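Please view the sequence and the structure first, and then proceed to the topics below.

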Amino acid sequence: MKHTVTTVRRQKSEGGKIAMLTVYDYSTAKLMDAAGIEILLVGDSLGNTVLGYPDTLSVTMEDMIHHSGAVARGTENALVVTDMPFMSYQASVYDAVTNAGRLVKEGRAQAVKLEGGRNFCQHIKAITEAQIPVMAHLGLTPQSVNAFGGFKVQGKDDETAVNLIDDALAVEAAGAFALVLECVPTELAALVTGLLSIPTIGIGAGGGTDGQVLVYQDMLAMYGGKSPKFAKVFADVGALMQGGFRAYLEETKNGAFPDEAHGFCIDPGVMGAAREHAGRAAAGARTKKEKETQLQ
Ligand code: KIV
């Protein structure tokens with residue numbers, strides 16, 4: 001079944017939970033799509049997980065288009081949502097619509113995600129009016145790391161809790177089809193979820209949201225960096241990969257790899273002729289070298 005913004009919205013009214021994962025490349029997208037993950041998010045977290053930056057601020061439109069295209073080519077059924085990177089929409093509504101359009105046109109995204117609440121409702125409205133669905137993102141919005149003074153749980157005091165509620169209602173009114181809530185206390189996320197008709201997708205926001213999202217390297221223990229508290233490891237793929245790399249190293253060093261089964265055979269007649277030719281060619285090369293030495 002093809003997942004779209006319509007089926008995702010319907011899941012909320014039918015009470016089903018939505019499963020979303022981040023992904024940045026073709027082959028992993030194919031695996032997730034085949035597993036039935038409903039939304040593949042080409043997150044700007046690729047700045048951390050793929051490109052090795054300490055945050056998402058240096059990620060460019062070109063980075064996002066490049067990875068979004070790879071994910072879209074590996075996806076048949078999931079809805080592909082691509083993040084708008086830092087400063088691709090903040091400066092103006094014009095930038096927001098133009099860059100959202102590039103993610104769809106060049107990166108084959110089916111929807112875009114952007115961080116922010118009431119300050120970005122004009123942007124959400126304009127992108128939506130351009131027929132590009134928008135997923136909003138509130139709570140710990142990593143592009144605001146410098147304004148927040150670090151990566152901190154949001155909505156823990158009166159002011160930020162009230163702001164979160166007002167921002168959530170505002171992005172829904174502006175036309176967002178779904179809302180990511182990142183690092184928000186469980187009860188507050190559940191309260192916001194109950195207030196909205198659009199689905200909420202939580203990451204570090206407890207079990208009361210309409211869906212969950214994780215960074216896939218976190219849930220597969222593949223990320224050498226510091227994984228957050230909420231990131232449950234579902235399979236220790238990181239350890240499996242390291243084991244595979246070590247075994248390859250050992251067999252390459254001791255000659256066990258490649259064995260006969262991993263090579264190609266040749267017709268004995270062709271090989272005999274190749275040997276004869278090699279003998280003649282080597283003799284010819286020797287003679288040529290001797291003549292050149294005599295001439296010096
Ligand atoms: O970029 C990302 O991976 C995200 C998720 C954390 C929701 O925005």
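Helices (H or I, at least four residues) and strands (E, at least two) are DSSP runs, numbered from the N terminus. This is a predicted model, in which local features need pLDDT of at least 70 and side-chain atom pairs count only at pLDDT 80 or more, while totals for chains, interfaces and linings use all residues. Residues are numbered from 1 along each chain as its sequence is written, and side-chain values use heavy atoms, with hydrogens and water left out.

**The barrel**

- Eight strands close into a barrel with parallel pairing, in the order β1-β2-β3-β4-β5-β6-β7-β8; two strands are said to pair if DSSP finds at least two bridges between them.
- From one strand to the next, the twist averages 25°, where axes are lines fitted to C-alpha atoms (for helices over the stretch in contact) and angles run from 0 to 180 degrees between N-to-C directions.
- Strand β1 (residues 18-22) runs parallel to β2 and is joined to β2 by three bridges; L21 stands opposite L40 in β2.
- Strand β2 (residues 39-42) is covered on both faces, with I39 and L41 buried on one side and L40 and V42 buried on the other. Here, buried means under 20% relative accessible area, exposed means over 50%, and partly exposed lies in between (1.4 Å probe, protein chains only).
- Strands β5 (residues 134-139) and β6 (residues 178-182) run parallel and are joined by five bridges; L138 stands opposite L181 in β6.

**The ligand**

- The residues around the ligand are T22, L41, G43, D44, S45, D83, K113, H137, V180, E182, I203 and V215, each having a heavy atom within 4 Å of the ligand.
- A polar side-chain atom of S45 is 2.5 Å from an oxygen atom of the ligand.
- An N or O atom in the side chain of K113 lies 2.8 Å from an oxygen atom of the ligand.
- For D83, an N or O atom of the side chain lies 3.0 Å from an oxygen atom of the ligand.
- The ligand taken alone exposes 260 Å², of which the protein buries 96%; accessible areas come from the Shrake-Rupley method with a 1.4 Å probe, and for residues only the protein chains shown count as cover.

**Residue Q154**

- Q154 is located in the loop between α7 (145-148) and α8 (158-174).
- Q154 counts as buried because its relative accessibility is 15%.
- A polar atom of the Q154 side chain lies 2.9 Å from the backbone oxygen of K152.
- Leaving aside residues up to four places away in sequence, Q154 touches G139, L140, F148, C183, V184 and P185; contact means heavy atoms within 4.5 Å.

**Backbone features in loops**

- F257 and P258 are joined by a cis peptide bond, with omega about 0°; P258 lies in the loop between α11 (237-254) and α12 (268-295).
- Q131, in the loop between α6 (121-129) and β5, has a phi near 75°, a positive value in a residue other than glycine. Q131 counts as exposed, since its relative accessibility is 68%.
- A221, in the loop between α10 (216-219) and α11, likewise is a residue other than glycine with a positive phi, near 55°. A221 is partly exposed, with a relative accessible area of 28%.

Notes:
A polar contact is a pair of N or O atoms within 3.5 Å; within protein, one must be able to donate a hydrogen and the other to accept it, and residues adjacent in sequence count only if both atoms are side-chain atoms.
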